[in-house]
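Hello,

Here is the structure you are taking over. My notes on it follow below.

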Amino acid sequence: MTTRAHQSLWREYESITHSHNNFAIQHIQSVEDIYPIFRELFKKGRQQQNSA
């Protein structure tokens with residue numbers, strides 16, 4: 001489980017997500033989170049949904 005505070009790189013990524021709609025990040029708390037988050041991030045049609 002990742003219980004550490006976000007580091008400066010994470011904060012930089014967060015600032016990029018506000019200015020670029022094709023950039024996405026997700027917090028992974030456990031190994032079991034990896035596949036579902038990847039599946040959501042790379043889901044077909046995701047970009048069209050976020051643009052609407």
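**What was found**

Tyr 13 is partly exposed, at a relative accessible area of 34%; buried means under 20%, exposed over 50%, and partly exposed in between (1.4 Å probe, protein chains only). Phe 23 is also partly exposed, at 29%.

Before the rest, a note on reading the model. It is a predicted model, in which local features need pLDDT of at least 70 and side-chain atom pairs count only at pLDDT 80 or more, while totals for chains, interfaces and linings use all residues. Residues are numbered from 1 along each chain as its sequence is written, and side-chain values use heavy atoms, leaving out hydrogens and water.

**Overall**

The protein has three helices and zero strands, in the order α-α-α along the sequence. Helices (H or I, at least four residues) and strands (E, at least two) are DSSP runs, numbered from the N terminus. Of its 52 residues, 6% count as buried. The accessible surface comes to about 4,800 Å² (Shrake-Rupley method, 1.4 Å probe; for residues, only the protein chains shown count as cover). Carbon and sulfur atoms account for 53% of that surface.

Mean pLDDT (the predictor's confidence in each residue, from 0 to 100) is 79 for the protein, with 73% of residues at 70 or more. Confidence is highest in H2, at 90, and lowest in helix H3 (residues 46-51), at a mean of 53. Where pLDDT is low, the predicted coordinates should not be read in detail.

**Aromatic pairs**

There are two aromatic pairs in the structure. Rings of Phe, Tyr and Trp (its six-membered ring) pair if their centres lie within 6.5 Å; planes under 30 degrees apart count as stacked, over 60 as edge-to-face and the rest as tilted.

Tyr 13 and Phe 23 make a tilted pair, because their ring centres are 5.6 Å apart and their planes stand at 50°. This pair links distant parts of the chain, 10 residues apart: Tyr 13 is in helix H1 (residues 8-19) and Phe 23 is in the loop between H1 and H2.

Phe 38 and Phe 42 have ring centres 6.1 Å apart and planes at 80°, so that pair is edge-to-face. Phe 38 is partly exposed at 46%, whereas Phe 42 is exposed at 65%.

**Nonpolar patch**

Which residues form a nonpolar patch on the surface? Phe 38 and Phe 42 do, together with Val 31 and Ile 34, and the four have about 450 Å² of accessible area together. Patch residues have over 30% relative accessible area and no salt bridge; like charges are joined within 9 Å, and nonpolar side chains (Val, Leu, Ile, Met, Phe, Trp, Tyr) within 5 Å. Ile 34 lies in helix H2 (residues 34-41) and is partly exposed at 35% relative accessibility.

**Polar and charged contacts**

The structure has one salt bridge (a side-chain nitrogen of Lys or Arg within 4 Å of a carboxyl oxygen of Asp or Glu). Lys 43 forms it with Glu 40, and the closest N and O atoms are 3.4 Å apart. Lys 43 is partly exposed at 38%, and Glu 40 is partly exposed at 37%.

His 20 sits in the loop between H1 and H2 and is partly exposed at 41%. The side chains of His 20 and Ser 19 are joined by a polar contact of 2.9 Å. A polar contact is a pair of N or O atoms within 3.5 Å; within protein, one must be able to donate a hydrogen and the other to accept it, and residues adjacent in sequence count only if both atoms are side-chain atoms.

Regards
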